[in-house]
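Please keep the sequence and the structure in view while reading.

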Protein chains: 2
Amino acid sequence: MLLSQIDSLSWDANGLIPAIVQEVGSDAVLMMAYVSRESLARSLEIGETVFYSRSRKTLWHKGETSGNVQRIREILVDCDGDTLLFRVEAAGAACHTGEMTCFFRTLENYDGQQ
Amino acid sequence: MLLSQIDSLSWDANGLIPAIVQEVGSDAVLMMAYVSRESLARSLEIGETVFYSRSRKTLWHKGETSGNVQRIREILVDCDGDTLLFRVEAAGAACHTGEMTCFFRTLENYDGQQ
């Protein structure tokens, strides 16, 4: 469960850490979301990404309804211990728009949230 | 300068947005930092990554002292407009430890900030 590592991470004032999700194979950056201690522990337990939804204030098991789960292959920590990088196998689109990655627009083409 | 795009991004309560940095070619995720409106405008102006240092409360031109600048090839925006992905050519190590990427340790091997 790596509980000592979880405790030693640099959690922010809200008890969260940003987690980047990258697909193994394509190396595409799929999305970024936040984990809480509880969601990170749950991710380790089930081997799939579980985030903390800041808007809904609940755990959010990615793909629970869509089926597009993200199987965790590796979790990396940055030098400051305040950002995580989940390397995953994605069962489908990461984005709620149906796009494979949430980063499907350049800044030039950005015309508001979707 | 893409100023209308900058204004339409979803800036957080502190006027910041997290920016993931990924190397073009290797597709390695190098680091994550924060941009302010001013640092993003400056990044666009000089074509190199300029972040906002939350600890020093100043603009932070990456590589200004080390020489390890990050030349911006592309800036992507996520679906929510609240996270950026800088795709860059890196002149050298991204990490202050001398590692190419800040994500050089797995969670299992994490033993505190460096």
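Which strands of chain B each supply at least two residues of the lining of the second largest pocket? They are β2 (29–36) and β3 (50–53). This is a predicted model, in which local features need pLDDT of at least 70, side-chain atom pairs count only at pLDDT 80 or more, and totals for chains, interfaces and linings use all residues. Residues are numbered from 1 along each chain as its sequence is written, chains are lettered from A and ligands numbered from 1 in the order in which they are written, and side-chain values use heavy atoms, with hydrogens and water left out.

**Second largest pocket**
- Its volume is about 510 Å³; a pocket here is an open set of points on a 1 Å grid over the protein atoms alone where a 1.4 Å probe fits, with protein on both sides within 12 Å along at least five of seven lines, and lining residues have an atom within 4 Å of a point.
- Of the 21 lining residues, those nearest the centre are Asp80(A), Asp82(A), Met32(B), Ala33(B) and Trp60(B).
- β2(B) provides the largest share of this lining, 4 residues; strands are DSSP runs of E with at least two residues, and helices are runs of H or I with at least four.
- The lining holds 11 nonpolar, 4 polar and 6 charged residues, where Ala, Val, Leu, Ile, Met, Phe, Trp, Tyr, Cys and Pro count as nonpolar, Asp, Glu, Lys and Arg as charged, and the others, Gly among them, as polar.

**Largest pocket**
- The largest pocket has a volume of about 1200 Å³.
- It is lined by 46 residues, of which Met32(A), Ala33(A), Tyr34(A), Arg54(A) and Asp82(B) are the closest to its centre.
- At least two lining residues come from each of β1 (16–23), β2 (29–36), β3 (50–53) and β4 (58–61) of chain A, and from β1 (16–23) of chain B.
- β2(A) gives the most to this lining, with 4 residues.
- By class, the lining has 21 nonpolar, 14 polar and 11 charged residues.

**Helix α2 of chain A**
- Gly47(A), just after the helix, has a positive phi of about 75°.

- Asp27(A) has a positive phi near 60° and sits in the loop between β1 and β2 of chain A.
- Lys57(B) has a positive phi near 55° and lies in the loop between β3 and β4 (58–61) of chain B.
- Lys57(B) counts as exposed (over 50%) because its relative accessibility is 62%.

Definitions and conventions
Points joined across faces, edges and corners; volume = space filled by probe spheres on them. Buried < 20%, exposed > 50% of the residue type's maximum accessible area, 1.4 Å probe, protein only.
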